[in-house]
Amino acid sequence: MATTFLPPRHEDDAASVEPRQLTTTRSQSDRLFRGGVSASGALVLLIMALVGIFLTIRALQALSQAGFSFITTQAWEPDGGNFGIAAVLSGTVLIALTAIFFAVPLSTGVALYISEYSPRKIRQTLISLVDLMAAVPSVVFGLWGFFFLQGQIIGLARWISTYFGWIPFFAVDGSDPDDPLSTATVFTSSTFIAGIVVALMVAPITTSVMREVFSQAPVGEREGAYALGATKWGMIRSVVLPFGRGGMIGGTMLGLGRALGETIAVFMIISPVFVFQPHILQNGTNSVSALIALRYGEATPFGTSALMAAGLALFIITLVVNFIASSIVSRSRSGAATDG
Amino acid sequence: MTASIDDLDKLASVTPDRRTTLPQRTPTPPDLKPRRIGGFRRSDVLSLVGAAIAGLGFAALLFTLLPFSGWLGFLVVAYLGFVALYAVLVSLDEDFSAVKDRLAAVMIQSLAFTLLMALVFVVTFTVIRGWEALTNINFFTQDMQNAGPLDPLTSGGILHAIAGTLIMITIALSIVIPLGVACAVYMNEMPGPFARFVRTISEAMTALPSIVAGLFIYASLILILGFDKSGLAAAMAISVMMLPIIIRASDVVLRLVPGNLKEAAYALGAGQWRTVWHVTLPTARSGLMTAIILGTARGIGETSPVLLTAGFTAALNLNPTTGPMVSLPLATFEFVKSPEPTMIARGFGTAAVLMFVVLILFIIARIIGGRGPGNLSKSQQKRRAKRSREDSQRFTKRESSRVASQEALATPSSSPRSLDFGDSS
């Protein structure tokens, strides 16, 4: 008979023998290295914490005086004690939403084109091109928006306000479609134009996140869809888009974060007003970063503190948006495929 | 089961012909070609071109008959007409899902074309508007000290802004590269709760709007500590902005270094420092370079932190610690504030130079990087193969000299002992 022979167990041994202690004695250079990199980690943490704490402390000075009215006041007269971010924050959000409205269809299209439709030969070039566009300085987009787009877009803005003016967002005060001599300047420097320019700036970022996710859609499922008789678009709708949904939302949120913090291009285009301006086609809007760029120079110490509070509010909003974005991306199925 | 062979024999005797017959091949006609399953059919191309022409014609008709105007509106109307007519044309000989497929393909391709065209247009627009300024050599060799807003483009230039940008980014990089890469190494080499905390904080800081980074330096360094507005302050603001970006990108790259390479180094007895210096960092080198260069491109192009901290000057200032200093994006911004056409041309020229710098950085990043860790370029492979050959030659030489010395020891005629391990060669 073939049975396995088990060696006799020594019961007393198991009780008396302790697990072997594993210790590492690190050499001098290793200890130096570990100390060095730990110190740099701590230093980075210190710098970051310093920025956050300093911002908060300086902002609290203004916040404690303004109290809750900081969120509801539209005017910005910190030295008169009457200041708040209702106007600038709503302007920031409207510009960012306009930007996202244009950027998301554009970047979805480009991402799908690069990952699904483009010829394999030019795919790498297109990817590089999109990455390069993400690195184009914002001042360049600002120049283009101010000197070119502004003049071209007025016709479109006028058309939208004439035919869709009954929607409150598209109404423009002071424009009369029946009066051919009515001035076009009510359509300049608007949320709409700033939003389009910012859309061009965030589209490359959103595109590269989406493309990355789309190209990771599993080959087996793609071929399965084709085998069941799907057309290319059918395959994209049933495999690629559901797979990449997390990446699409995450990329959009990342773009939104960038759009909220965008300064110089917005600052060049808008004409700042300190009232809540829901009419996106109408001249005059504002954003938190443009407010800081506009008012930092003449600000008194208390005014600087008020600007800090506005900056802190913007930072918190971007932080929340980015945090939601990264948690969506990492929790979605699309993120799981990256750990190979 | 028993008499199977007999049965078969009986069957065979019944069938008249016992040999296998080959089916008659129909002779292939000489002009038969294999069916194409990819590519375009003639009807695809015809319907696409036909719809495009019809769409243009439709728009032209509308714009002549009705009071429409503007090229943007014309393009939109023409495009809508094209899409509608294309759908009709395809639906003549395809079913509904094929029509949807074609429409989706057309729309996706036109969206991609739109974005790429818009981005290319932004770039060429800047270069064309700035061309007037760029063609004057003094634009690169002079500063704006002796050139007023009314002076022609033949005097004055942006040397001060170019120098300022280079000085600021050099200072910022000399802070950010060591600190950022060391922090990324820390997060990867010494994982733990504290490292996770550092990672979370630095990822959160990537959300810091650049103007807030500028405001922080402005309020702390300039207002409270009393420094001047200077190149150094601007470099600090750029560093605060770039640091989280570089840390995050380096962290991702370092995480991609294969664990078995590191384990092989440990197994050969290397310490942690040796492993990081000789294995981890060289493996991730191209990725790290890419991360740093792309971060640099972001830092160079950023206007708002510099706007708050650097001040503005028209003169060349090479000293970052005192006096205001100007960078390329800030100079662009200040130039185009002026209503004078020459100043605006200078602004566009400056923006074009800035884009050129970013492009150069980007190309360098593509040449160095773009490959995953461990993937070597042709020349790197050659170099590595050469080094390996040299090593093997050294080993054989050492081996042979050891054998020779042992033989020399073994022979009774004792010559002075010489141990040559070949290390000196």
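This dialogue covers confidence, salt bridges and cavities in a predicted model.

Student: What should I know before reading the model?

Tutor: The model is predicted: local features need pLDDT of at least 70, side-chain atom pairs count only at pLDDT 80 or more, and totals for chains, interfaces and linings use all residues. Residues are numbered from 1 along each chain as its sequence is written, chains are lettered from A and ligands numbered from 1 in the order in which they are written, and side-chain values use heavy atoms, without hydrogens or water.

Student: What pLDDT does chain B average?

Tutor: pLDDT is the predictor's confidence in each residue, from 0 to 100. Chain B averages 83, and 90% of the residues score at least 70. Residues 418-425 of chain B stay under 50. The model has eight contacts (heavy atoms within 4.5 Å) beyond four places in sequence for that stretch. For the complex, the predictor gives an ipTM of 0.81 and a pTM of 0.80.

Student: Which residues are linked in a network of salt bridges?

Tutor: B:D44, B:E94 and B:R102 are. B:D44 meets B:R102 at 3.6 Å, N to O. B:D44 lies in helix α2 (residues 42-65) of chain B and B:R102 in helix α4 (residues 96-134) of chain B, so the pair ties together parts 58 residues apart in sequence. Helices are DSSP runs (H or I, at least four residues), numbered from the N terminus. B:E94 also bridges to B:R102, with the closest N and O atoms 3.5 Å apart.

Student: Is B:D44 buried or exposed?

Tutor: Buried means under 20% relative accessible area, exposed over 50%, partly exposed in between (1.4 Å probe, protein chains only). B:D44 is buried at 13%. B:R102 is buried at 18%. B:E94 is partly exposed at 25%.

Student: What volume does the largest cavity have?

Tutor: Rolling a probe the size of a water molecule over the atoms shows where empty space is left. On a 1 Å grid over the protein atoms alone, a cavity is a set of points where a 1.4 Å probe fits but cannot get out; lining residues have an atom within 4 Å of a point. Grid points are joined across faces, edges and corners, and a volume is the space filled by probe spheres set on the points. The largest cavity has about 50 Å³. Its lining includes B:T165, B:M168 and B:E302. α6(B) gives the most to that lining, with three residues.

Key. Salt bridge = Lys/Arg side-chain N within 4 Å of Asp/Glu carboxyl O. Helix = DSSP H or I, 4+ residues; strand = E, 2+ residues; numbered from the N terminus. 1 Å grid on protein atoms, 1.4 Å probe; cavity = no way out; pocket = protein on both sides within 12 Å on 5 of 7 lines; lining within 4 Å.
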